[in-house]
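Please look over the model below before reading my notes.

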Amino acid sequence: MPVSIHSETPIPVTPSLLRDWPLPAPGEDKYSRGAVLVIGGSRSTPGAALLAGIAALRAGAGKLTLAVPESVAVQLGVALPECGAVGLPENGEGSMTGGGLDRISSYLDRSDAILVGPGLDNLGLTEQLLAALLAREESAGAERTGSGPAVVLDAYALASVTKLEDRLDPWRGRLILTPNPTEAGILLGRDTKDLQEDVADVARRFDAVVSCQGFIAAPPGVKQDDSELWKITTGYGGLGTSGSGDVLAGAIAGLRARGTSHAQAACWGTHLHAAAADRLASKLGPLGYLARELADQLPALMLELNT
């Protein structure tokens, strides 16, 4: 791991830094590269979970399961035959209700990274889903800090987690959050003004590694040497496109499943996401490429940086 810099100046995430912070060597089979469980999607936005899952596999994860509303599970399983697809209960509008977690109990237990949020479209039901996931861990007597798979929260899961802050003990030390600036403000309960400081505040408040618009922060004392702050130095070509955030969250989950630390997964994933955007922008122009094309760039970029 690179040398820590304990100051308010963020560490630039450069190719040189990442080459000095190599990803874990892959093992001989898919089981050695970790399992990712994506919980998300809805009848109206099934593609978000699909994009996140593709990105997790492109980032090198060995196994992928999508837990999505029943009405879209078969379609997503066909669209991405490399995944397992499990249908969960939904309401009449096709939004996941938060019930039926017994259907994915074994996946929750065996996954190395669990990503919750892409494509969820009902804030109240998302809160119920997070509450049910936390209650499951509480009832199982989970360790209160740092034990279990990484939990990556994105999109509506971020807005919901603030209402469950007093119940987050089972996830503290395991969280990776991927907010945009608006969502970072929701997490803090105020408008964001200085994103660098705000991202660090989110990390401290939730004991989480946080990636937000090019800034990555890690909290003090949670499987890190100290609080850290990094800044991405690339990726200004058209990242504001539909589905881009789902790809970022999926890439981070995939990297974390491979055995990285939370901070390494966030730094590598955020850089790869940004570098993929620059590569596509140079080929196609800064506007008009698709989020799914970002995921397709990840393997080559990892090979360039991890050799």
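1. Helix H10 makes a right-handed crossing as it passes helix H11 (right-handed if the near helix is turned clockwise from the far one by less than a right angle, left-handed if anticlockwise). Their axes come within 8 Å and cross at roughly 110°. Axes here are lines fitted to C-alpha atoms, for helices over the stretch in contact, with angles running from 0 to 180 degrees between N-to-C directions. H10 is therefore roughly perpendicular to H11 (65 to 115 degrees; under 35 is roughly parallel, over 145 roughly antiparallel, the rest oblique). On the H10 side, the contact residues include Trp268, His271, Leu272 and Arg279. On the H11 side, they include Glu293, Leu294, Gln297 and Met302. Contact means heavy atoms within 4.5 Å.

2. A word on the source. This is a predicted model: local features need pLDDT of at least 70, side-chain atom pairs count only at pLDDT 80 or more, and totals for chains, interfaces and linings use all residues. Residues are numbered from 1 along each chain as its sequence is written, and side-chain values use heavy atoms, leaving out hydrogens and water. Helices (H or I, at least four residues) and strands (E, at least two) are DSSP runs, numbered from the N terminus.

3. How many of the 23 residues of H10 are buried? The count is 18, so the helix is mostly covered (buried is under 20% relative accessible area, exposed over 50%, partly exposed in between, with a 1.4 Å probe and protein chains only). H10 covers residues 262-284. At 1.5 Å a residue it should span 33 Å, and its end C-alpha atoms are 32 Å apart, which agrees. The expected span is 1.5 Å times one less than the number of residues. Gly285 follows H10, with a positive phi near 105°.

4. Strand S5 (residues 113-116) is covered on both faces. Ala113 and Leu115 are buried on one side, Ile114 and Val116 on the other. S5 runs parallel to strand S2 (residues 35-39), joined by 4 bridges. It also pairs in the parallel sense with strand S6 (residues 150-153), over 4 bridges. Pairing requires at least two DSSP bridges between the strands. Ile114 is the bridge partner of Leu37, and Val151 in S6 is a bridge partner of Ile114.

5. Helix H8 (residues 195-206) has 12 residues. Asp207 follows H8, and its phi is positive, near 50°.
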